[in-house]
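Please have the sequence and the structure at hand while reading.

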Amino acid sequence: MKPGKGEPAGGPQESVGPGRSLAPLIAVCTGYFMVILDLTAVNVAVPVIGRDLSASVTAVQWVTNGYTMAFAALLLMGGALGDRFGHRLVFCVGIVVFTTASAACGLAPDVIVLTAARLLEGAGAAFIVPASLALLQEAYRSPADRARAYGLWGSMAGIAASAGPLLGGLLVDTLGWRWVFFVNLPVGVLCLLLTMSHVPASVRRPGRSLDWPAQTALVALVTFLTTALNEAGRLGWTAPLVLASAGLCLVACALFVLREHLARRPALPLSLLRKRPVAGGAAIGLLFNFAFYGMVFTASLYFQHERGMSALRTGFALFPAVAMSMFASALSGRLARRTGHRPLVITGMLIGAAGLAGWAAAGPDPSYWLLVAPMTAAGFGTSFTLTGTTATVLSAAPETHAGTASALFNTTRQIGSAAGVALGGTLLAASADFADGIRLSMAAGSAAYLVAAALAVLCVPRTP
């Protein structure tokens, strides 16, 4: 019998056929692993890149935030393209773009070319991540299987986050910082081969249009927000560029909402945002990424600039924070089947808040061992929350908008990452004393975790 309209050639059951249940998960998680590995490994390499390319703190913030900015700005497009052309195709295109851009990063002669290549990397990541979640939703139909798949997907982020600082430090200290990018090449090739071999073609919905005015407004919103937060450290909060960027960010936000309200086929249907679990989950994702990645970025600078650690020693210093991610995601996935996601999300955010508050209160020159517990708490709390928040957003969205909901969630997360890195770097640059700047950054992260916990009480359903 011929497949129905909108179905892949192998039929709708193919993605969950016997003996193949783990194959889509492995293929998808390999791509997600590469995206997270790149983010955390580069954080450790940033101080060395700055010295080697004679770049300022603001310039190296752009090396980090060029990636997260493009990632955040294009995620919604990545989700819409996946809904229209099939998530497997978009996932594979993202892998090719990301891998090619990684090679360009490794060959970059100066910080301007490196930042441009990082923007291209972020575009590839924006195609990979929403497609990865949508592919898991297509492959695993039962709530229990999906919870397990999301837990393993989150664990893969934990493994990559754990390996990133250590691998990045090792590569920087032995082969040089360029190999932090070159290491993506074999991973990208492996992921592409696995996906083409083991993940069936996805459903295509040719009627799903691309909302270019909304996408343009979103790119402007993220760009102006990142510019305002990045440049405030160099120019001051009242500089014309900073104030103009902040104002244009608000204008872009208003234009985006207006366009989605008027559009016949909006890229982000406002009906999705009227669902409390979707809107609340997206906001929680923004807040915990703001806190965690702001902490990782500023701690990397602190350990290398203030403590005089090498890149490899910095990787080991950060290891307690990121290693806990792997354990926390797996534990959250298992507990969710008994308790539901709500208590886990609230608990994770309170643990993260306590951790960063502990660093902020630790004094101007604390012992490293005094900082281990705060870093571990932040890493545990963030990953413990990720699985439940992901499931909350995707479960509340209609299946026809799975890619869009995934893109929304990951867009807000990456906006949070970009804002956390930008604000953390700005607080360090603007403070007379480096230690005061990092404590203020940690206090801001702790406050973000607390707000996320309050949102979880209001927005995450009680039902297991």
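## Lining of a pocket

In this predicted model, the lining of the second largest pocket is made up of 15 nonpolar residues, two polar residues and no charged ones. The volume of this second largest pocket is about 340 Å³. It is lined by 17 residues, and Phe256, Leu268, Leu273, Leu408 and Thr412 are the closest to its centre.

The model has 11 aromatic pairs. In one of them, the ring centres of Trp179 and Phe182 are 5.2 Å apart and the ring planes stand at 75°; an angle over 60 degrees counts as edge-to-face, so this pair is edge-to-face.

Trp179 and Phe182 are three residues apart in helix 6 (residues 179-182), so about one helical turn separates them. Trp179 has a relative accessible area of 40%, which makes this residue partly exposed.

## A ring pair between two helices

Phe303 and Tyr368 also form an edge-to-face pair, because their ring planes are at 65°, with the centres 5.9 Å apart. Phe303 belongs to helix 11 and Tyr368 to helix 14 (residues 368-396), so the pair ties together parts that lie 65 residues apart in sequence.

Buried means under 20% relative accessible area. Phe303, at 0%, is therefore buried, and Tyr368, at 15%, counts as buried too. Both residues are in a cluster linked by ring pairs, made up of Tyr302, Phe303, Trp359, Tyr368 and Trp369.

Terms used:
Residues are numbered from 1 along each chain as its sequence is written. This is a predicted model: local features need pLDDT of at least 70, side-chain atom pairs count only at pLDDT 80 or more; totals for chains, interfaces and linings use all residues. Side-chain values use heavy atoms; hydrogens and water are left out. On a 1 Å grid over the protein atoms alone, a cavity is a set of points where a 1.4 Å probe fits but cannot get out, and a pocket is an open set with protein on both sides within 12 Å along at least five of seven lines; lining residues have an atom within 4 Å of a point. Grid points are joined across faces, edges and corners, and a volume is the space filled by probe spheres set on the points. Ala, Val, Leu, Ile, Met, Phe, Trp, Tyr, Cys and Pro count as nonpolar, Asp, Glu, Lys and Arg as charged, and the others, Gly among them, as polar. Rings of Phe, Tyr and Trp (its six-membered ring) pair if their centres lie within 6.5 Å; planes under 30 degrees apart count as stacked, over 60 as edge-to-face and the rest as tilted. Helices (H or I, at least four residues) and strands (E, at least two) are DSSP runs, numbered from the N terminus. Buried means under 20% relative accessible area, exposed over 50%, partly exposed in between (1.4 Å probe, protein chains only).
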